[in-house]
Amino acid sequence: MNGSNRPRVLWASRFGFVLAAAGSAIGLGNIWKFPYITGQHGGGAFVLVYLACIALVGVPILMAELLIGRQGRRDAVGCFAVLERPGSPWMIVGWVGVAASFILLSFYAVVAGWSFDYVVMAASGALRGRSPVEIEGLFGVLVSSPGRVIFWQGVFVVATVAIVLGGVRDGIERCSRILMPALFILLLVLFGRGLMSSGGVPALRFMFQADFSALTPQALLDAVGHAFFTLSLGAGTMITYASYLDPEADLGGLALRIALLDTLMALLAALTIFSVAFTAGIEPGSGPGLVFQTLPILLLELPFGSVLALLFFLLLAFAALSSSISMLEVTVAYLVDEKSWPRWRAAGLVGIAAFLVGVPSALSFNLWQDFKPFFGRTFFEACDLLVSSYLLPLGGLLVAIYIGWVWPRRHSLAELGAGRQQQRWVHSWQLLLRYVAPAAVIIVLLNQMGVFR
Ligand code: PHE
């Protein structure tokens with residue numbers, strides 16, 4: 001038996017859906033990862049390539065995922081049972097999504113937990129009056145303490161479960177309505193402060209002056225990979241969220257809005273972080289430690305620095321939370337729709353499981369730091385590689401092939417393109433979905449596997 005006969009709870013409004021889906025998209029990927037990879041790849045030219053990847057690969061696949069969810073009206077696995085038939089091999093797309101979002105939740109919670117710890121440090125004044133060397137050292141003290149890291153990882157998972165327990169409308173949508181505007185305002189305040197400092201103009205120049213000689217093949221590949229991660233593609237999240245949409249929603253418009261909000265937040269976050277870095281004369285290419293080690297030092301040197309640091313880590317925590325709820329919802333929707341589990345049981349048990357699977361990731365920075373059984377990688381690094389470099393691109397590739405080649409074209413036309421003008425858009429979208437997106441993803445996957453080396 002499955003739960004598909006039960007009336008499905010829908011989003012209270014399409015705006016609520018856009019906020020929730022943008023909430024899923026906007027996360028650590030935007031505020032932590034995008035700035036540091038942009039820094040590493042030298043700025044402007046990489047930003048242009050990234051924008052092209054979002055437009056040509058990300059948005060078409062995002063639309064395809066929304067289409068699958070809205071037509072199937074079940075969880076990511078069940079959608080393919082509806083669109084094809086029960087037991088169809090295409091259900092594997094849903095399984096890839098469930099696996100990806102579950103593993104992602106397990107280690108995402110570890111990094112998100114650090115941001116909770118920093119919120120408390122900033123609020124309690126523990127950052128104030130310290131020398132830069134001491135502040136930089138705080139990160140090492142935090143991650144090398146297994147108890148502290150696991151505690152905050154647990155708090156983060158409990159917060160995620162609490163929201164998902166409330167359900168789609170009263171939990172996820174209501175929370176997104178608070179978190180997303182708060183996030184936007186916090187980021188605008190920090191952005192304004194950053195632009196006014198002496199690093200503002202150099203940051204704009206770094207981000208928007210393209211020097212194509214700095215562009216490497218690896219930059220192109222990273223841009224495609226990051227487009228998947230940042231738009232939450234290939235993980236079943238957008239399929240699941242779209243399954244709670246009303247049948248009349250205009251999917252193209254919704255996909256564009258989600259992608260625009262996500263891109264805007266990534267650009268604002270990167271500009272903010274670079275302007276703070278340039279003010280202090282620091283190179284933006286300093287890597288993953290940028291946000292936790294470098295940024296607090298720099299923020300604290302500004303007037304009202306400790307308030308700014310508090311705002312920044314709150315921002316990071318909110319962004320992570322609105323993403324993690326979408327990861328949990330994928331597996332919860334599967335258990336509720338396919339196995340008829342009550343939501344409380346699904347959310348509770350999946351939360352506990354994700355926490356337990358995440359513990360080795362938390363230990364990868366301390367007790368198990370030197371335990372590298374996965375081709376010289378720690379457990380955390382192996383999970384990250386598996387999800388970000390393989391599962392998400394694979395899931396996205398299968399979605400593109402399914403909607404581009406397998407699902408009858410007339411259905412897409414009927415669903416997306418009523419007017420003549422729209423039909424033209426649908427044709428361009430299909431071209432991207434059939435040729436451009438699969439080619440880009442296949443190249444990325446082959447490169448990951450070392451074929452070009
Ligand atoms: N898009 C999220 C971020 O940028 C990560 C994510 C990936 C969330 C896949 C859900 C699914 O942080």
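Where is the place of Val436? Val436 is in helix 18, where helices are DSSP runs (H or I) of at least four residues, numbered from the N terminus.

## Basis of the model

This is a predicted model in which local features need pLDDT of at least 70 and side-chain atom pairs count only at pLDDT 80 or more, while totals for chains, interfaces and linings use all residues. Residues are numbered from 1 along each chain as its sequence is written, and side-chain values use heavy atoms, without hydrogens and water.

## Nonpolar patch

Leu56, Trp405, Val406, Leu431, Tyr435 and Val436 make a nonpolar surface patch of about 550 Å². Patch residues have over 30% relative accessible area and no salt bridge, and nonpolar side chains are joined within 5 Å. A salt bridge is a side-chain nitrogen of Lys or Arg within 4 Å of a carboxyl oxygen of Asp or Glu.

Helix 18 (420-448) and helix 16 (379-406) each supply at least two patch residues; the largest share, three residues, comes from helix 18. Val436 counts as partly exposed because its relative accessibility is 35%, between the limits for buried (under 20%) and exposed (over 50%), with a 1.4 Å probe and protein chains only.

## Aromatic pairs

The count is 26 aromatic pairs, meaning ring centres within 6.5 Å; planes under 30 degrees apart are stacked, over 60 edge-to-face and the rest tilted. One of them, Phe34 with Tyr50, is tilted, at 4.7 Å centre to centre and 40° between the planes. Phe34 lies in helix 2 and Tyr50 in helix 3, 16 residues apart. Phe34 is buried, at 0% relative accessible area, and Tyr50 is buried, also at 0%.

Terms used
Patch = residues over 30% accessible without salt bridge, like charges linked within 9 Å, V, L, I, M, F, W, Y side chains within 5 Å. Areas by Shrake-Rupley, 256 points an atom, 1.4 Å probe, with all protein chains shown as cover. Phe/Tyr/Trp six-rings, centres within 6.5 Å; stacked < 30°, edge-to-face > 60°.
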